[in-house]
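I opened the model to look at fold, helix packing and the chain contact. My entries follow.

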2 protein chains.
Amino acid sequence: MRSPKGERSRARLIAATGELLQRQGYHATGLADIVSASEAPRGSLYFYFPGGKEELACVALREAGEAWRARIEAEIAGAPDLAAAVGAVCQLLARELEASDFKLGCPLATVALEAAADSDRVRRTCEEHFRGWEDSIAARLIAAGAERTRAREMATFTLSALEGALLLCKVKRDTSPLRDTGRMLAALVAMAS
Amino acid sequence: MRSPKGERSRARLIAATGELLQRQGYHATGLADIVSASEAPRGSLYFYFPGGKEELACVALREAGEAWRARIEAEIAGAPDLAAAVGAVCQLLARELEASDFKLGCPLATVALEAAADSDRVRRTCEEHFRGWEDSIAARLIAAGAERTRAREMATFTLSALEGALLLCKVKRDTSPLRDTGRMLAALVAMAS
């Protein structure tokens, strides 16, 4: 059984790892950085994550992905239709980038690109996350009247465009790629549904 | 003046760095890896690149970006129209991913995500590369009849969708995101031009 104190150390390790991965990626994030950022006792890392960095990273990516999902789903739930939802999501992502001085983008994308080829465990964690988004975008398009195959294709395309736009915003230190992408996607989604 | 032997060492350092950055990103690529992969004398690294890894990375990213551009431009030149060109580029990118067992995607994207927030020099190099693509896509759309503002928006959107699709393909170890994106973009480009 975990003690409340141990539980807090575990939660701090996960949160610190999630933020370091989002900010700088997998390879730049060493165990010493994680211990220092989390202020958790070093021993707790191996106690809770005997698989070390790879195991901790997978748990952290999953939690960070879920936290993002909850915030994005809240934006979607508040929008009157799918086109408006796409616009609202792009605005949320743009605000997030600006608030972090363009340091924090998609919590999984950096790790997905640099570590997917090295660690199959990390790759699968990222794959599950992105597949979850494709499923949920496709389900919404289908509910709005889109044909199933077309809805899946459109969902993959939407996710691609958003991930690419986040990358371009980070590189340019400018949110206009997300705004352009939001307008284009909103028009497409309105046509497809 | 550079000796022919020195010139070869310099070229080998740049090529090895470009491939390491494409495969694993900036942080995972140490100077020792570069020296070992290039088989160049260690001293030549600091002789030709007194700014060390950051300087070498910027030169390597620029050269890798140019090499990719040349191959992609050749595909575009062989296509009868813009929609066909988009399809041909997506097929080239998909073949490239498959041939490298999904290890080599966009030569700049990984570094753009992980190092853009740390090194302004690296960020600017990536920004120039992506801006070059936006300019060249926009110019083609304008030549095909698109209005200027709409062409720029569409160019940013096209580049976003392609970069995001490359990311999803790498994570899924499957080229269908590029194929879906290619079909959607070809239809959009045909409408916009």
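I take helices (H or I, at least four residues) and strands (E, at least two) as DSSP runs, numbered from the N terminus. The model is predicted, so I note the limits: local features need pLDDT of at least 70, side-chain atom pairs count only at pLDDT 80 or more, and totals for chains, interfaces and linings use all residues. Residues are numbered from 1 along each chain as its sequence is written, and chains are lettered from A and ligands numbered from 1 in the order in which they are written.

**Entry: the loops of chain A**

I looked up Arg173(A), which sits in the loop between α8 and α9 of chain A. Its phi is positive, about 50°, although Arg173(A) is not a glycine. For burial I count other C-beta atoms, placed from the backbone, within 10 Å: 20 or more is buried, 12 or fewer is exposed, in between is partly exposed. Arg173(A) has 16 such neighbours, so it counts as partly exposed.

Glu39(A) lies in the loop between α2 (31–38) and α3 (42–48) of chain A. Its phi is near 55°, again positive in a residue other than glycine. Is Glu39(A) buried or exposed? Glu39(A) counts as exposed because it has 10 C-beta neighbours inside 10 Å.

**Entry: chain A as a whole**

I find nine helices and zero strands in chain A. Buried residues make up 51% of its 193 residues. The C-alpha trace of chain A spans about 55 × 35 × 35 Å along its principal axes.

**Entry: α8 of chain A and its two partners**

Under 35 degrees counts as roughly parallel, over 145 as roughly antiparallel, 65 to 115 as roughly perpendicular and the rest as oblique.

Within chain A, the axes of α8(A) and α9(A) come within 9 Å and cross at roughly 170°. That makes the two helices roughly antiparallel. Their contact divides into 11 nonpolar, two polar and two charged residues. My classes: Ala, Val, Leu, Ile, Met, Phe, Trp, Tyr, Cys and Pro are nonpolar, Asp, Glu, Lys and Arg are charged, and the others, Gly among them, are polar.

I call two residues in contact if their C-beta atoms, placed from the backbone, lie within 7 Å. Glu153(A), Thr156(A), Phe157(A) and Ser160(A) in α8(A) meet Pro177(B), Asp180(B), Thr181(B) and Met184(B) in α9(B).

**Entry: the side of chain B that touches chain A**

How many residues of chain B are in contact with chain A? I get 38, against 38 residues of chain A. The largest share of that side of chain B, 15 residues, comes from α8(B). By class, this side has 19 nonpolar, eight polar and 11 charged residues.

Conventions: Axes are lines fitted to C-alpha atoms, for helices over the stretch in contact, and angles run from 0 to 180 degrees between N-to-C directions.
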